[in-house]
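Subject: Structure handover

Hello,

Here is the structure I said I would pass on. Please look through it first; my notes on what was found follow below.

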Amino acid sequence: IRVEGHTDTFGDAADNIRLSMHRAMAVRAWLVACSVNINIIEVIGLGSSMLRAQTGPQVSHTDNRRAEVFLVP
């Protein structure tokens, strides 16, 4: 299982990497609480490098503030 954390473009890039990592780690903690083996979970913080929606004054930033879970072979 790969958990990727993401942020929007607000703030410092290094802070966004840390925030996205914390976001992914929170999902990992939830998965572990649901009895998923922690040893099969990879956690990645990607910051704002993979935006889902372009940011701007008329755009909601909540689409970019997310964690995604992938099942990998």
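A residue is called buried when its relative accessible area is under 20%. By that cut-off, 29% of the 73 residues of the protein chain count as buried. Please keep in mind that this is a predicted model.

Overall layout

The protein chain holds one helix and three strands. Read from the N terminus, the order of these elements is β-α-β-β. Along the principal axes, the C-alpha atoms fill a box of roughly 40 × 20 × 20 Å. The accessible surface of the protein chain is about 4700 Å², and carbon and sulfur atoms account for 58% of that surface.

As for contacts, consider those between residues at least 6 apart in sequence: 67% of them join residues at least 24 apart. The side chains include 7 positive and 7 negative ones, with the centres of the two sets 3 Å apart.

Strand E1 and its partners

Much of what I have to report concerns strand E1, which covers residues 2-6. Which strands does E1 pair with, and in which direction do they run? Strand E2 (residues 42-45) is joined to E1 by four bridges, and the two run parallel. Within this pairing, Arg2 stands opposite Glu42 of E2. Strand E3 (residues 66-70) is joined to E1 by five bridges, and here the direction is antiparallel. The bridge partner of Glu4 in E3 is Glu68.

E1 itself is mostly covered, as four of its five residues are buried.

His6

His6 is one of the residues of E1. Is His6 buried or exposed? The relative accessible area of His6 is 0%, which is under 20%, so His6 counts as buried.

What is His6 in contact with, once its neighbours within four places in sequence are left aside? The list is Ser20, Arg23, Leu46, Gly47, Met50, Asn64, Arg65, Arg66 and Glu68.

Regards

Technical notes
Residues numbered from 1 in each chain as written. Predicted model: local features only at pLDDT ≥ 70, side-chain atom pairs only at ≥ 80, totals over all residues. Heavy atoms only, no water. Buried < 20%, exposed > 50% of the residue type's maximum accessible area, 1.4 Å probe, protein only. Contact = heavy atoms within 4.5 Å. Pairing = 2+ DSSP bridges. Areas by Shrake-Rupley, 256 points an atom, 1.4 Å probe, with all protein chains shown as cover. Lys, Arg positive; Asp, Glu negative; His and termini not counted. Charge placed at Lys NZ, Arg CZ, Asp CG, Glu CD.
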